[in-house]
Amino acid sequence: MEHLQHFEQTKNKLLKQIASISSYVANFSTQTTQKELQTVIDTLQREQFEVMVVGEFSNGKSTFINALLKNEVLPHSNVPTTALLNKIYYAKQPAFSVHYSNGKQEPLTKEQFDTFVSEDKQQMDGIASKIRQKLSMTKAAPTHLEVGYPTDLCRNNVVLIDSPGTNDM
């Protein structure tokens, strides 16, 4: 508990210092610098702990996360499966969504989620071209997928992130 209190105190000091720098920079800097500072502030205030599982393709990252969740939430295969980052957070009921580079998001069914996640499934089902066509109509590329799932592991703002294979990106 002592470490958590120290973390909170340090974080609050840092937020005050960044806010001070941000007001100073506003007079002398570009909007890009101001936006970057605001991103740092937003990240610190988010109070979310993200755990990313990283490794080479077909090394069991999705299987490992499924074991942590005690259920088969993410599709897995012996060939590269995870095409985008998958962020798993706590929710009372399972929920799936895709997030785009233009800031929009779209809810998905479990089947649609599995299609987005699995490169090999897309190719086997011939769905890849349909997805590309839909994306070209939105003029935005998918950035990541999110899964809301009722797991105690994520209940306290812990987010698990399943990544594509490091040698597959």
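Begin by selecting helix 1, which contributes the most to the lining of the largest pocket, with 4 residues; helices here are DSSP runs of H or I with at least four residues, numbered from the N terminus. This is a predicted model, in which local features need pLDDT of at least 70, side-chain atom pairs count only at pLDDT 80 or more, and totals for chains, interfaces and linings use all residues. Residues are numbered from 1 along each chain as its sequence is written, and side-chain values use heavy atoms, with hydrogens and water left out.

Next, display the pocket itself. Helix 1 (2–28) and helix 2 each supply at least two residues of its lining. The lining has 12 residues, and Phe7, Lys11, Glu47, Gln48 and Phe49 lie nearest the centre. A pocket is an open set of points on a 1 Å grid over the protein atoms alone, where a 1.4 Å probe fits, with protein on both sides within 12 Å along at least five of seven lines; lining residues have an atom within 4 Å of a point.

Now select leucine 37, in helix 2 (residues 31–45). Leucine 37 is buried, with a relative accessible area of 18%; buried means under 20%, exposed over 50%, and partly exposed in between (1.4 Å probe, protein chains only). Leaving aside residues up to four places away in sequence, leucine 37 touches Ile18, Ile21, Ser22 and Val25, where contact means heavy atoms within 4.5 Å. Between the C-alpha atoms of leucine 37 and valine 25, which are 12 residues apart along the chain, the separation is 9.4 Å.

Finally, select phenylalanine 64 in helix 3 (residues 61–69). Phenylalanine 64 is partly exposed, at 45% relative accessible area.
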